[in-house]
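Please read the following points alongside the sequence and the model.

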Amino acid sequence: MVEVTGSTQDDIAQLVAEEKAQHGEVIATEYQSAGRGRLDRKFDAASSSALMFSLYVKPQRDKSDWSFLTLLTGLSAIFALTKLDPGFTPTLKWPNDIVIGDGKVGGIIAQVSGDGVIIGVGVNVGMTQEELPVAHATSLALHQFPILDRNLILASFLTTFEELFERWQGGEDLRHLYCERSSTMGQQVRIEHPDGSYRTGKAVDVTLTGELILEDGSRVTVGDIVHLR
C-alpha cells in the first residue's frame, strides 16, 4: 500500500520495464493523482474513499484469450463482495463496470505489458453523494454495505481472483458464470463506438475472448454500452 501515487497501473508498468514485476504483484494506494479508466478517461476519487489497486499476472493461456481477464476480474470483484455480505447482489455491465442497480460502483482497466497483463481495479467504497465523480456513479457506503474496510475487501478480492484465475488458466470455460451475473445479457443495447458511430442490438452472450455477442451474431470488441429500456 502506498499513500499517494500517480497511477498504480504506471507503477507496475515501471516494474515490468525494469523486469522486477512478479506474477501476483499488487500495488494499492490511498490516492492517485493521475488515475485513468478505460479509453484513457480520467478517474478521480477523494483520498481513502475508494479501493484502488493494480495487479500483474502472467497467464499461461494463449495470448488471444487474455482479453477475457477483464470479465474475470469483474466476476472476482462481485463474488468477493458477495462473500463479505451474501445478501449483496451487484452485477456486471459489459465490458468493465461493476454496478448496483443503475449506479456504477467500480470499474476495471487491463493492459498487456511484458509477458503479462496489468489489471487495474477501482471501487467506490466510502464515497458520499458529494464525492461521487459522475452522476451515474454510486458507492458501497451509499448502499449500506456492512464492510467498508478496504483491506478486507481487497483480501477477499485477491483470494477470489486467484481461485477463478487458476480455473481459467486450467482451461475452464467461465462464461456461464459471467453471463449469470451480467446485467447486459438479454438487454437491448446501444453500442457507442469511439469514432462517434453507434448501433443497437440485443446482447445474448460473450466469446471466450470477452467479446459481446449480439442476437444477430455480430460481435462487439470495444465501445460504450447503453442499456435501452
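**Notes on the predicted model**

1. Valine 189 stands opposite histidine 227 in S12. Strand S8 (residues 188–192) and S12 pair in the antiparallel sense over 4 bridges, where two strands pair if DSSP finds at least two bridges between them. Strands (E, at least two residues) and helices (H or I, at least four) are DSSP runs, numbered from the N terminus.

2. This is a predicted model, in which local features need pLDDT of at least 70 and side-chain atom pairs count only at pLDDT 80 or more, while totals for chains, interfaces and linings use all residues. Residues are numbered from 1 along each chain as its sequence is written, and side-chain values use heavy atoms, with hydrogens and water left out.

3. The order S11-S10-S9-S8-S12 describes an open sheet of 5 strands with antiparallel pairing. Its edge strands are S11 (219–220) and S12 (224–227), each of which pairs on one side only.

4. Leucine 51 lies in strand S3 (residues 50–57), and it counts as buried because its relative accessibility is 4%; buried means under 20% relative accessible area, exposed over 50%, and partly exposed in between (1.4 Å probe, protein chains only). Leaving aside residues up to four places away in sequence, leucine 51 touches several residues, among them Val121, Arg150 and Leu154, contact meaning heavy atoms within 4.5 Å.

5. Serine 182 sits in the loop between helix H4 (175–180) and S8, and at 8% relative accessibility serine 182 also counts as buried. The C-alpha atoms of serine 182 and leucine 75 are 9.0 Å apart in space, although the two residues are 107 residues apart in sequence.
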